[in-house]
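Look at the sequence and the model below, and keep both in view while reading.

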Amino acid sequence: MENVPFSAGSQRPESTVPAGACDCHVHMYDARYPAASGAKLMPPDATAADYRQLQRRLGLSRVVLVTPSTYGTDSRCMLNGLAALGSGARGVAVIDGQESDAELHSLHEQGVRGVRLNLSLGVAGSVDQLEPLAQRIAPFGWHLQLLMDPDLLASQAVVLRQLPVPLVFDHMGRIPPDQAQSHPAHSLLLELLRSGQAWVKLSGGYIVSPQGSVEDPALDALAASYLRVAPQRVLWGSDWPHATASAGMQAMPDDARQIDRLNQWLKHAEGATTLKQVLVDNPATLYGFEASCT
């Protein structure tokens, strides 16, 4: 048993976590790096050393760090985390698209494999950047990670279908569970998954849940819909250190329970795939982890 900063509970997951398992959505925070003007979330420091404790508790060995909305286009805190966590870490940066080839190459060398456009809580970027950002990162083989309101997502269907890079939708596509199967954004996401153009992260379930909890049974059908349609395109992320929980928007999640809920969603998907595919194989494909990375 181990108490971990920014995670409720102390038990290990009941589910057997496979070797090489990856947490595909984690943020680092450090007061040495100034917050962007207009940032909505200002959580306390959460370091690579703190996260190592969570890895030990959950049985994880790989991680994907994502520059949070707090820092706008400043990815230094995320890059510092990558350096501390080593070869078992990859990064998703936030850029403005004006960076030189040398700057983007440097990011790649440090482990960055994608860029995020956060149109939900973000203070940098706009929907007009979808195509320019995609064109800018395509030569590097990166993906474009998106977070946006379902109505906005649905309105961009034509643009999204023709972008020249893989798309990654975090936080379950930000689809409210009660709108699964009815909102056009959900249909679009399933289409993009089915065609092989997109990936989805089963992260932030407690954010999209009206109950503010990953235990919400309404999440079952939403998660299972992605797993059934494209099990090879589904990822999982804890969203540690849960900045929205630190801000009082919901209770602090138990990350061991988040893994166990993933296992339950797999059962709802009726054997579409396994924990190993979601936690090991799919992240290795998207983020390019070495086979020997532990």
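This is a predicted model: local features need pLDDT of at least 70, side-chain atom pairs count only at pLDDT 80 or more; totals for chains, interfaces and linings use all residues.

Residues are numbered from 1 along each chain as its sequence is written, and side-chain values use heavy atoms, with hydrogens and water left out.

**The whole protein**

The protein has 12 helices and eight strands. Helices (H or I, at least four residues) and strands (E, at least two) are DSSP runs, numbered from the N terminus. The C-alpha trace spans about 45 × 40 × 40 Å along its principal axes. For 294 residues, a compact globule would have a radius of gyration near 19 Å, and the 17 Å of the protein agrees with this. That radius is taken over C-alpha atoms, and the globule rule is 2.2 Å times the number of residues to the power 0.38.

Buried residues make up 59% of the 294 residues. Buried means under 20% relative accessible area, exposed over 50%, and partly exposed in between (1.4 Å probe, protein chains only). Of the contacts with a separation of 6 or more, 76% come from residues 24 or more positions apart. A contact means heavy atoms within 4.5 Å.

**Helix α9 and its partners**

Eight of the 11 residues of α9 are buried, so α9 is largely enclosed by the rest of the structure. These buried residues are L219, D220, L222, A223, A224, S225, Y226 and L227. They pack against α7, β7 (198-202), α8 (205-208), β8 (234-236), α11 and α12 (275-287).

| Pair | Angle | Axis separation |
|---|---|---|
| α9 (219-229) and α11 (255-268) | about 65 degrees | 8 Å |
| α7 (184-194) and α9 | about 25 degrees | 9 Å |

Axes are lines fitted to C-alpha atoms, for helices over the stretch in contact, and angles run from 0 to 180 degrees between N-to-C directions. Angles under 35 degrees count as roughly parallel, over 145 as roughly antiparallel, 65 to 115 as roughly perpendicular and the rest as oblique.

How are α9 and α11 placed, roughly parallel or roughly perpendicular to each other? They are roughly perpendicular. In α9, the contact is made by L219, D220, A223, A224, L227 and R228, and in α11 by R261, W265, L266 and H268. By class, this contact has six nonpolar, one polar and three charged residues. Ala, Val, Leu, Ile, Met, Phe, Trp, Tyr, Cys and Pro count as nonpolar, Asp, Glu, Lys and Arg as charged, and the others, Gly among them, as polar.

By contrast, α7 and α9 are roughly parallel. H186, L189, L190, L193 and R194 of α7 meet L222, S225, Y226 and V229 of α9. Their classes are six nonpolar, two polar and one charged.

**Helix α2**

In α2 (residues 76-85), the buried residues are C77, M78, L79, G81, L82 and L85. They pack against α1 (48-58), β2 (62-66), β3 (89-93), α3 (101-109) and β4 (112-118).

**A buried proline in a loop**

P241 is in the loop between β8 and α10 (243-246). Its relative accessible area is 2%, so P241 is buried. P241 and M28 are 213 residues apart in sequence, yet 7.7 Å apart in space, C-alpha to C-alpha. Leaving aside neighbours within four places in sequence, P241 is in contact with F6, H27, Y29, A46, S246 and M252.
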